[in-house]
Amino acid sequence: MSKVNKTVRAYSIKLTDEQFEAFDKLFNEYAKVENEMLKRFCGIQYMSDICKWSIIRDKIRAEQNKIKENRKTDDNNNNEGNDSKKSKNSKDNKNNKNNKNNNCNEVVKNTENTKNEKNKLTTPKLLTEKYEIQGWHWVMATKHACSTLHSMWSNLGSRLKTLVRDNKNLTPEMRAYCYYILSAIPYWQKVLLREPFDKIPEKLATLMSKLTDEELKKCNSYICRSTRTHKPYPEVKNARCMMYDVNMYKFTDDCTVKIMSNIPKEAIEIKLRGPFCYKKTGDIQLIFDRDKKRIEIHKLIKARATQTTSKIEIGPDKGFATLLSCYSGNEYGYEFGELVTERSDYLNERNTNRNIIFDRQRKLKDEISELDKAINKTTDDSIRIPLIRKKKEQERKLQTLETNNIGNKKFNREQTKAKETIKNKVNYSIKLMLDVEDPCTVGLEDLTWQSDKSKGKKMNRRLSLWNKGYLDERIEYIGSTRGIKTIHVNAAYTSQYCAKCGAKIEKRIGDHHEIAVCPNCGEINANTNASGNIEGRIHDPEITIYTPYHVVKDILDRRYAEKCNKIKLIKAI
Ligand SMILES: [Zn+2]
């Protein structure tokens with residue numbers, strides 16, 4: 001029986017205001033640490049290290065210990081103060097810059113202990129002082145960041161491989177070498193750092209032996225250039241996810257869990273809506289839903305996959321107007337495009353209205369400052385008093401505007417809701433497709449390389465509400481829980497040839513180009529036709545995911561020509 005990864009979720013009951021505030025702070029601080037780690041280790045010099053997160057953890061731990069040791073020696077030299085007192089001082093120092101009373105105190109201390117203070121300015125702070133977290137938190141934030149960076153590099157590798165595939169200046173041998181490098185992070189790193197490889201495995205040696213020095217140089221510089229152009233800079237924007245290991249949470253019963261807070265020995269106890277019936281050990285993810293005021297616990301478990309006896313293979317065509325079309329003629333998620341368009345246009349309109357309000361707010365603020373200037377210029381009460389009255393009136397208007405109409409909260413909530421609606425539609429359509437078609441294998445067009453440049457601003461805005469990657473991800477996931485395999489296939493020319501007879505499609509007609517015209521078969525559904533071609537690619541020995549698009553075209557044209565010749569021969573006989 002095969003096992004699949006499955007995420008199980010549990011939800012807390014509504015948090016109290018006090019709990020909400022505590023979590024809000026904790027998640028924000030954790031995200032800050034995570035961002036610091038993402039920023040620090042996203043460079044090429046750490047590419048290999050982040051694959052094993054414990055290397056990074058040990059490196060930071062060593063730094064932290066060094067800071068502590070330095071302090072101890074400082075303390076011994078000065079014969080006064082202790083660690084905790086000192087760390088508190090340095091924190092206060094920063095927080096209360098504007099606080100006069102405190103500054104006086106500091107001044108006294110400074111004169112007593114000038115040397116020590118000087119050291120504090122130059123020695124870095126511990127992570128637990130810089131951020132209000134405990135030691136465990138930075139360890140997990142580091143693990144979290146490493147896993148984000150690792151997927152960043154492997155996603156970038158897949159993306160660059162498709163660029164290599166479609167680069168006409170590279171020979172097939174050069175491509176094979178590039179594919180190898182882009183799949184093996186340690187070698188990729190060496191290329192980027194322009195360092196020689198330590199050890200060359202046999203496979204790589206064979207690939208390299210087929211290249212001239214010139215070609216090898218060309219490949220390496222292409223890898224460097226394209227990596228630099230396409231490398232993203234990951235960042236946590238909305239602090240809503242924390243990774244916790246077994247030491248940081250504790251179930252006191254099936255429905256109650258104690259979660260480590262940022263204060264030592266003060267766990268936050270939350271109640272779950274229902275019993276948590278899975279193993280209560282291992283890493284969990286805490287998701288903070290600020291709108292619903294609750295915590296979600298996500299845990300990855302190994303679940304038994306249901307086996308399918310089906311022999312059917314499908315290659316759904318993924319579209320915007322219609323989400324999924326199959327060669328059987330069935331289509332799923334008909335009104336998908338309309339749904340996204342409607343939601344996105346509504347949000348856009350809301351945004352425009354908000355801009356009008358922001359405009360008004362700015363104008364009121366300008367007016368108030370103008371009035372202020374005028375009031376200060378004159379001492380004549382007959383002029384001053386009406387101006388003051390006018391100013392007060394404008395201030396009242398501004399306040400009303402700010403309390404009633406401005407605020408990102410509602411807007412963000414609506415945006416999240418729109419995304420949820422779209423996600424529900426996607427999941428529903430996938431499940432329906434898998435139920436009706438009952439496949440054992442799903443071929444998916446590899447869309448990583450497609451650029452959205454040509455679609456225009458409006459379309460991009462609409463597409464930003466949902467990302468195409470989500471659809472693939474969900475098909476793969478839902479499929480895996482049912483024992484269905486997913487295979488990525490080459491996407492080149494799937495919509496430009498007839499799936500039935502192999503002829504090149506003459507033209508596309510219809511309001512949304514939904515009808516394809518084949519010279520032999522006449523008008524056919526463009527989406528389901530593409531699906532037929534995708535299905536065919538699952539076992540195509542000639543057209544693999546790495547076949548360049550111009551080669552795909554040559555193959556398809558050759559096949560059709562051969563077929564026509566055969567028919568001519570049969571007719572002649
Ligand atoms: Zn045809």
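Counting disulfides, defined as pairs of cysteine sulfur atoms within 2.5 Å, gives a total of 0 for this structure. Cys 564 illustrates the result, because its sulfur lies 8.2 Å from the closest cysteine sulfur, that of Cys 501, which is too far for a bond. Cys 564 is partly exposed, with a relative accessible area of 26%, where buried means under 20% relative accessible area, exposed means over 50%, and partly exposed is in between, with a 1.4 Å probe and protein chains only. Cys 326, by contrast, counts as buried at 1% relative accessibility.

The model is a predicted one, in which local features need pLDDT of at least 70 and side-chain atom pairs count only at pLDDT 80 or more, whereas totals for chains, interfaces and linings use all residues. Residues are numbered from 1 along each chain as its sequence is written, and side-chain values use heavy atoms, with hydrogens and water left out.

Other cysteines hold a metal. The zinc ion is coordinated by the SG atoms of Cys 498, Cys 501, Cys 518 and Cys 521, at 2.2 to 2.3 Å; donors are here N, O and S atoms within 2.8 Å of the metal (3.2 Å for Na, K and Ca), and since water is not among the atoms, sites may look incomplete. Along the chain these donors follow the spacing C-x2-C-x16-C-x2-C. The 4 donor atoms subtend angles of 98 to 117° around the zinc ion, and the arrangement is therefore tetrahedral, a term that for four donors requires all angles to lie between 85 and 135 degrees.

Buried residues account for 40% of its 573 residues. If contact means heavy atoms within 4.5 Å, then among the contacts between residues at least 6 apart in sequence, 71% join residues at least 24 apart. The chain exposes about 33,700 Å², of which carbon and sulfur atoms supply 50%, the areas coming from the Shrake-Rupley method with a 1.4 Å probe and, for residues, with only the protein chains shown counting as cover.

Glu 535 gives a local view of such contacts. Glu 535 is placed in helix α17 (residues 526-537) and is partly exposed, with a relative accessible area of 25%. Leaving aside residues up to four places away in sequence, Glu 535 touches Glu 313, Ile 314, Gly 315 and Tyr 327. The C-alpha atom of Glu 535 is separated by 9.6 Å from that of Glu 445, although the two residues are 90 residues apart along the chain.

Charged side chains form a further set of links. A search of the whole structure finds 28 salt bridges, each a side-chain nitrogen of Lys or Arg within 4 Å of a carboxyl oxygen of Asp or Glu. One of them joins Lys 143 to Asp 283, with the closest N and O atoms 2.7 Å apart. This pair links distant parts of the chain, since Lys 143 lies in helix α7 (residues 135-165) and Asp 283 in the loop between β5 (268-271) and β6 (284-289), 140 residues apart. Asp 283 is partly exposed, at 32% relative accessibility.

In another salt bridge, Glu 562 pairs with Arg 558, the closest N and O atoms being 3.4 Å apart. Both residues lie in helix α18 (residues 549-572), separated by 4 residues, or about one turn of the helix. Glu 562 is partly exposed, with a relative accessible area of 43%, and Arg 558 is partly exposed as well, at 36%. The two belong to a network of salt bridges that links Asp 540, Glu 542, Arg 558, Arg 559 and Glu 562.

Most residues other than glycine have a negative phi. Lys 265, however, has a positive phi near 65°; it sits in the loop between β4 (256-259) and β5 and counts as exposed, at 88% relative accessibility. Asp 438 also has a positive phi, near 45°, and lies in the loop between α14 (408-437) and β12 (441-445), where Asp 438 is partly exposed, with a relative accessible area of 40%.

Methods:
Helices (H or I, at least four residues) and strands (E, at least two) are DSSP runs, numbered from the N terminus. Four donors count as tetrahedral if all angles lie between 85 and 135 degrees; four count as square planar and six as octahedral if opposite donors are over 155 degrees apart and all others between 65 and 115; anything else is irregular.
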